[in-house]
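Q: Hi, can you walk me through this structure? Keep it short and plain, please.

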Amino acid sequence: KGHGARTQTLAEAAAAAAWEAGGLRGRLLPEPIGTFGYRKLGKGYRATVYLLQVTEEADDWPERGEGRR
């Protein structure tokens, strides 16, 4: 899940979100495996889920300290 720039595909946004939020890199399967809806701050969103075959878990990443991996 991620909020992609207009130049990113949904898959690219998912890969970027995995890196920024969890320090994970790998091979992203090109087709989504599902979707789900959620609410945040009173607004509804729909997320598209992709499978990432993790090949690297970094010790440091952009959002480290903002949650758990």
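**Chain layout**

A: Read along the sequence, the chain runs α-β-β-β-β. That comes to one helix and four strands. Helices (H or I, at least four residues) and strands (E, at least two) are DSSP runs, numbered from the N terminus.

Q: What kind of model is this, and how are residues numbered?
A: This is a predicted model, where local features need pLDDT of at least 70, side-chain atom pairs count only at pLDDT 80 or more, and totals for chains, interfaces and linings use all residues. Residues are numbered from 1 along each chain as its sequence is written, and side-chain values use heavy atoms, with hydrogens and water left out.

Q: What box do the C-alpha atoms of the chain fill?
A: Roughly 35 × 30 × 20 Å, taken along the principal axes.

Q: How much of the chain counts as buried?
A: Of its 69 residues, 17% count as buried. Buried means under 20% relative accessible area, exposed means over 50%, and partly exposed lies in between (1.4 Å probe, protein chains only).

Q: And what about the accessible surface of the chain?
A: The accessible surface is about 5400 Å², and 49% of that belongs to carbon and sulfur atoms. Areas come from the Shrake-Rupley method with a 1.4 Å probe; for residues, only the protein chains shown count as cover.

Q: Let's do helix 1. Why does its span agree with what it should be?
A: Helix 1 covers residues 10-22, which is 13 residues. At 1.5 Å a residue, helix 1 should span 18 Å, and its end C-alpha atoms are 18 Å apart. The expected span is 1.5 Å times one less than the number of residues.

Q: Which residues of helix 1 are buried?
A: Ala11, Ala13, Ala14, Ala17, Ala18 and Gly22. Seen down the axis, the buried residues of helix 1 fall within an arc of 155 degrees, so they line one face of the helix. The arc is that of the directions from the helix axis to the C-beta atoms.

Q: What covers those buried residues of helix 1?
A: The cover includes strand 1 (24-28) and strand 4.

Q: What comes just after helix 1?
A: Gly23, which takes a positive phi of about 70 degrees.

Q: Which residue has a positive phi although it is not a glycine?
A: Leu41, at about 55 degrees. Leu41 is in the loop between strand 2 (34-40) and strand 3 (43-49).

Q: Is Leu41 buried or exposed?
A: Exposed, because its relative accessibility is 85%.

Q: New topic. How many aromatic pairs does the structure hold?
A: Two. Phe36 and Tyr38 form a tilted pair, 5.8 Å centre to centre with 40 degrees between the planes. Tyr38 and Tyr45 form a stacked pair, 5.4 Å centre to centre with 20 degrees between the planes. Rings of Phe, Tyr and Trp (its six-membered ring) pair if their centres lie within 6.5 Å; planes under 30 degrees apart count as stacked, over 60 as edge-to-face and the rest as tilted.

Q: Which residues do the ring pairs link into a cluster?
A: Phe36, Tyr38 and Tyr45. Phe36 is partly exposed at 35% relative accessible area. Tyr45 is partly exposed too, at 29%.

Q: Where is Tyr45, and what does it touch?
A: Tyr45 sits in strand 3. Not counting residues up to four places away in sequence, Tyr45 touches Phe36, Gly37, Tyr38 and Lys40. Contact means heavy atoms within 4.5 Å.

Q: What about Ala47, buried or exposed?
A: Ala47 counts as buried because its relative accessibility is 4%. Ala47 is found in strand 3. Ala47 and Leu10 are 37 residues apart in sequence and 9.4 Å apart in space, C-alpha to C-alpha.

Q: Where is Glu56, and what does it touch?
A: Glu56 is in strand 4 (residues 52-57). Glu56 touches Gly23, Leu24 and Arg25, not counting residues up to four places away in sequence. Glu56 is partly exposed, with a relative accessible area of 37%.

Q: Last one. Which residue lies over the face of Trp19?
A: Arg25, at 3.8 Å from the ring centre. The charged end of Arg64 sits over the ring of Trp61, 5.8 Å from its centre. A charge sits over a ring if NZ of Lys or CZ of Arg is within 6 Å of the ring centre and within 35 degrees of the ring normal.
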